[in-house]
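Thanks for coming. I'll go through the sheets, then the helix packing, and finish with an aromatic contact. Here is the structure.

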Amino acid sequence: MRDYYCSKISKASYCYHPIDFIILSGILSAHFNIFIIDCITEKLNSSESLKRIIKINPEVIIFLSGAVSLGSDMPFLWKIKSKIKCLMVGIGDIFIDYGKELLENNSFMDAILLDFTTNDIVSFIKKKDSAYFNIIFKDKENIVMRRELHASGVFSIPTPRHDLFKNRNYGFPFARRRRFATVMTDFGCPFKCSYCVVNRFGYKKREISGVMEEIKFIKDIKIHEIVFKDQTFAADRQRAFLLCEEIINNNINIGWICFSRTDIMDEELLLTMKKAGCHTIIFGVEILSQELLSNFNRKLDLQKTKEVFSLCKRFGIDTVGTFIIGLPGDNKEMIKKTIQFSIQIGCDYASFNIFTPSYGTELRKKLIENSMVEDSLCFMDSGISYPTIETKHLNRAEIWSLRQEAIRSFYLRPAYFMERIYCLHNLSDLRSKLRNGLSILMNHITSCMVKD
């Protein structure tokens, strides 16, 4: 999967909507006829995909690529360009640091889009030369870089075409209904964690009225579940209250999931979110060391984290804790404490991710400067793949082993099995849990066979 400048392999049986394309579907359909081809969810091989594209014969192709798929993406894109003379525009994590080089070295590529929430792509396609930024493009023999360095303020977009993303193969592990929609109410992030790429783009917020129009459209097409793809839902506290109150006051009965941080939550906000339909929150906990996290511009209040997870349980909000294993400076004792903490705080689900020096991040720059990472393109995945780098205290095999221990320690508890059975919400939820549980188990068994 590759969207929102991040690419990885899913750890279970799910494939979520590419938010870049969802946002662009509204922007582009206001000016052009558009087609969406998601080869993963449609289970198309390269030959079938190529036939579909040739049949459409588009004037412009916008594609997603990333570190997790670069090796297979590029040859396929070459094939497309050899068959169709069209404008080809890319989006993805690899283009943030290496956009210029990739344009120079790949003649099939014409441009790179850096901010998919603006109207710049429309101006570029229509050749309104002075009307766009956020684009890196070829101008004869030159590479032109027009970059808006720091997004801010408020923005609006046309309502995305969720009707084009109704394939039943889309899935999200914490969704309680088979069909769901993905919505983004802001772009970027106001926090400055150095291991995350998204803050590099600044932070801007959508008009609440536009978000509400989108939610109403989602309800009109008979979808009753939303995943909010904001990097940090409620980063602007008052705005979060306004959105929740609009959902409540308009009697929109819809369930939803969001990503957030424990340090911005409290009882009042959680209760309001619950009343507005929030049933699951994914919290970035990362590691159990404020001293280490401070090196990456990340704060962690352990007591506040425990309180927020406890409040969520009291209010009937499911929680997911995400944790990073193998950050620079990490050690065995710290990781084992983090594993125990994931159990102690009582999160309903835990996601243990191998640290990767993601493209576009400040941390990657520092690691390159310290000769810990090569300044080049390579395969990277934080989901289920073998670690990319070692730490001062742990080699790659030890990091991998601790990640496997984390999964076993958290999920293979009799008490956990009983709790999950007790908390089932409906038949769709049961099917999702069985499907994803089996997938996690199979991935874990396969991962245990991996050798350096």
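This is a predicted model: local features need pLDDT of at least 70, side-chain atom pairs count only at pLDDT 80 or more; totals for chains, interfaces and linings use all residues.

Strand β10 is joined to strand β11, residues 203-206, by three bridges, and the two run antiparallel. One of the residue pairs to look at is D186, whose bridge partner in β11 is K205.

Next, the six-stranded sheet. In what order do the strands of this open sheet come? The order is β9-β12-β13-β14-β15-β16, and the pairing is parallel. At the edges stand β9, 181-183, and β16, 349-354; each has a single partner strand, so one side of each has no neighbour in the sheet. On average, neighbouring strands here are turned by 20° against each other, with direction ignored.

Inside that sheet, take β13, residues 255-260, and β14, residues 278-286. They run parallel and are joined by five bridges.

On the α2 side the contact is made by S46, S49, L50, I53 and I54, and on the α3 side by F76, K79, I80 and K83. By class, that contact divides into five nonpolar, two polar and two charged residues.

Moving on, α8 covers residues 267-275 and α10 covers 302-315. These pack at about 35°, and their axes are 10 Å apart. The crossing of α8 and α10 is right-handed. From α8 the contact uses E267, L270, L271 and K274; from α10 it uses V308, L311, C312, R314 and F315. The residues of this contact are six nonpolar, no polar and three charged.

The last pair is α11, residues 332-344, with α13, residues 396-411. Their axes come within 10 Å and cross at roughly 20°. The two helices are therefore roughly parallel to each other, since angles under 35 degrees count as such. As for handedness, α11 passes α13 in a right-handed crossing. Which residues of α11 meet α13? They are K332, I335, K336, I339, S342 and I343, and they meet L402, E405, A406, S409 and F410 in α13. That contact has six nonpolar, two polar and three charged residues.

Finally, the aromatic side chains. How many aromatic pairs does the structure hold? The number is 30. One of them is formed by Y5 and F116; this pair is tilted, at 5.8 Å centre to centre, with 35° between the planes. Y5 lies in the loop between β1, 2-3, and β2, 6-7, while F116 lies in the loop between β5, 111-113, and α5, 120-125, so the pair ties together parts that are 111 residues apart in sequence.

That is what I have for today.

Notes
Residues are numbered from 1 along each chain as its sequence is written. Side-chain values use heavy atoms; hydrogens and water are left out. Axes are lines fitted to C-alpha atoms, for helices over the stretch in contact, and angles run from 0 to 180 degrees between N-to-C directions. Helices (H or I, at least four residues) and strands (E, at least two) are DSSP runs, numbered from the N terminus. Angles under 35 degrees count as roughly parallel, over 145 as roughly antiparallel, 65 to 115 as roughly perpendicular and the rest as oblique. A crossing is left-handed if the near helix is turned anticlockwise from the far one by less than a right angle, and right-handed if clockwise. Contact means heavy atoms within 4.5 Å. Ala, Val, Leu, Ile, Met, Phe, Trp, Tyr, Cys and Pro count as nonpolar, Asp, Glu, Lys and Arg as charged, and the others, Gly among them, as polar. Two strands pair if DSSP finds at least two bridges between them. Rings of Phe, Tyr and Trp (its six-membered ring) pair if their centres lie within 6.5 Å; planes under 30 degrees apart count as stacked, over 60 as edge-to-face and the rest as tilted.
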